[in-house]
Amino acid sequence: MDILETAAYDRRQRRNTYCVLFLSLSPFFLAIAVYFYLWIPDSSPSVLAAAIKAAPVISLALLVLSYKGERSLLGVAGGLIFSAGGDCCLIWPELFLHGMASFALAHLIYSLTFLSTRYSSLSSSSSLSYFFCLLLWLLGGGVYAYLFPFLQKTPDAAVLTPGVGVYVALIVLMATLAVLTRRPLIMLGSLIFMTSDLTLALQTFKVTEPLQHGRHIVMTTYYLAQLLIAVGDIKAVEGGDEFAKWKKS
């Protein structure tokens, strides 16, 4: 009877935790609603547009900080802050390289975070995980090779071509380490992030004609990716393997 009562109590505690977390995400959802409602055109860059675009990610950074404390500034919260910086830079086309550098730093911070003790499932990753990671690197290399001739046609080709190469390597590294953590939210968030960036790259470097709802796709996948990574980090527990628990549930 005691075991049953303990299990029921644990379930109630988990439900309460999820409810509190969902309510804590209210500023994020509100900020997203404001962004999509106002939908300031790319042709009208301004400080206000930058603030509205970065607000959802800043709210996630504050949420992670509230759960994890100042130490998370060197972890996911720090990555979110650099991402918000990238959001602001990309409002102005002339700051594209600065924005890309800011996001590159965010991916580097995410990568280092996924190597920390709270994400300690690397040694228990299966051969299937490693095979999937290999596919990610092949995909990243293929995407860069495909983008290469288009990058050569840009005005800043001398800087942009190697810069995009470094950026692709960092986002694939981040996704690889995310997969090896065996945490479903982190894994999914990193893969969606790659999808968002690929969609953006195809349009930015004029590989394809502008998609009818291209910006909607990029921003929806981007915000979703950051949400999953932030919530995944909040849920991360020392020595836990959420993937194994998720498969059993």
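# Helix 4 and its packing partners

Q: How is the crossing described in which helix 4 passes helix 5, as left-handed or right-handed?
A: Helix 4 passes helix 5 in a left-handed crossing, a term used when the near helix is turned anticlockwise from the far one by less than a right angle (right-handed if clockwise). The helices are DSSP runs of H or I with at least four residues, numbered from the N terminus. This is a predicted model, in which local features need pLDDT of at least 70 and side-chain atom pairs count only at pLDDT 80 or more, while totals for chains, interfaces and linings use all residues. Residues are numbered from 1 along each chain as its sequence is written, and side-chain values use heavy atoms, with hydrogens and water left out.

Q: What makes helix 4 roughly antiparallel to helix 5?
A: The axes of helix 4 and helix 5 (residues 96–114) cross at roughly 165 degrees and come within 8 Å; axes are lines fitted to C-alpha atoms over the stretch in contact, with angles from 0 to 180 degrees between N-to-C directions. Angles over 145 degrees count as roughly antiparallel (under 35 roughly parallel, 65 to 115 roughly perpendicular, the rest oblique), and helix 4 is therefore roughly antiparallel to helix 5. The contact (heavy atoms within 4.5 Å) includes Gly78, Gly79, Gly85 and Gly86 of helix 4 and Gly99 and Ser102 of helix 5.

Q: Why is helix 3 called roughly antiparallel to helix 4?
A: Helix 3 (residues 47–68) and helix 4 pack at about 175 degrees, with axes 8 Å apart, and this angle makes the pair roughly antiparallel. Among the residues in contact are Ala50, Ala54 and Val57 of helix 3 and Ala77, Leu80 and Ile81 of helix 4.

Q: How many residues of the contact of helix 3 with helix 4 are nonpolar, polar and charged?
A: The contact has 14 nonpolar, 1 polar and 2 charged residues, where Ala, Val, Leu, Ile, Met, Phe, Trp, Tyr, Cys and Pro count as nonpolar, Asp, Glu, Lys and Arg as charged, and the others, Gly among them, as polar.

Q: How do you know that helix 4 and helix 9 are roughly antiparallel to each other?
A: Helix 4 (residues 76–89) and helix 9 (residues 214–235) pack at about 165 degrees, with their axes 10 Å apart, and they are therefore roughly antiparallel. Val76, Leu80, Ser83 and Asp87 in helix 4 meet Tyr222, Gln226, Ile229, Ala230 and Asp233 in helix 9, a set of 5 nonpolar, 2 polar and 2 charged residues.

Conventions: Helices (H or I, at least four residues) and strands (E, at least two) are DSSP runs, numbered from the N terminus.
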